[in-house]
Amino acid sequence: MGEEEEEEVSVTALHHPNSGNDDQSLEFDIYPLSSYYFGSKDAVPSKDLTLVDRVLRMKSNYAASGIRTCVEAVLLVELFKHPHLLLLQIRNSIYKLPGGRLRPGESDTDGLKRKLARKLSVNEDGDGSEWEVGECLGMWWRPDFETLMYPFIPPNVEKPKECTKVFLVKLPESRKLIVPKNMRVLAVPLCQVHENHKTYGQIISGSHSCCQISFT
């Protein structure tokens, strides 16, 4: 980490207009990356080896259960006096926010806690009660089974195939984060992901617009 001085960083998260929140902003603190311990656990099997496999699985699930609802977490830490976003890297070229698909009848909060426990906790079978799920920062929609997602439902689309909700998850001052062996956790500067959808995808690259930065 070098000899840089660590300091607490205050971040203001801006709610997305379609998130359903009346308040426009929320200020919270983030803590240095060095405050967290990173370990590894058994790999999580990949459900899709190719994009074709993913599309076929989505079509099958949609036929059985209707629209697919996913929840993902924005986790922020401080490094070099600048907020960094924690991402999961898969097969060296795929970047994801921690999270995943909800089970039928599962609430957004319970589902995200379960997914965070599976991806980042020592006890992946726990209830995820140690995770503090905060405000919804935005919602993204997949009109069809193609890869592109949009922060709105196009007017000509009556039945979108997927909705992904992005939530702020506030990390404590220190925690063990245990990652499956087939994934890597990366701390990426917010300025690097901003509008860089070719590398990180639409949802991650849009995370920067939800945060304003100040130092305390």
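Helices here are DSSP runs of H or I, at least four residues long, and are numbered from the N terminus. The model is predicted.

Is S205 buried or exposed? Its relative accessible area is 8%, so S205 counts as buried, the cut-off being under 20%.

| Backbone oxygen | Distance to the side chain of S205 |
|---|---|
| G201 | 2.8 Å |
| Q202 | 3.1 Å |

Which residues does S205 contact beyond its neighbours within four places in sequence? They are V193, H194, E195, N196, H197 and Y200.

**The nonpolar cores**

The largest nonpolar core holds 28 residues. Within this core, L75, L112, L120, W131 and V169 touch the most other members. Several elements give two or more residues each: strands β4 (68–74), β5 (76–79), β6 (82–90), β9 (132–142), β10 (162–170) and β11 (175–180), together with helix α2 (108–120). Strand β9 supplies the largest share, 4 residues.

Setting aside residues up to four places away in sequence, L112 touches V71, E72, A73, P98, G99, V133, F167 and V169. V169 is also among the core members that touch the most others.

A second core is separate and has 19 residues. Its members include I30, L85, V193 and I204. One of these, V193, is also in contact with S205.

Conventions. Residues are numbered from 1 along each chain as its sequence is written. This is a predicted model: local features need pLDDT of at least 70, side-chain atom pairs count only at pLDDT 80 or more; totals for chains, interfaces and linings use all residues. Side-chain values use heavy atoms; hydrogens and water are left out. Buried means under 20% relative accessible area, exposed over 50%, partly exposed in between (1.4 Å probe, protein chains only). A polar contact is a pair of N or O atoms within 3.5 Å; within protein, one must be able to donate a hydrogen and the other to accept it, and residues adjacent in sequence count only if both atoms are side-chain atoms. Contact means heavy atoms within 4.5 Å. A nonpolar core is a set of buried Ala, Val, Leu, Ile, Met, Phe, Trp, Tyr and Cys residues joined through side-chain atoms within 4.5 Å.
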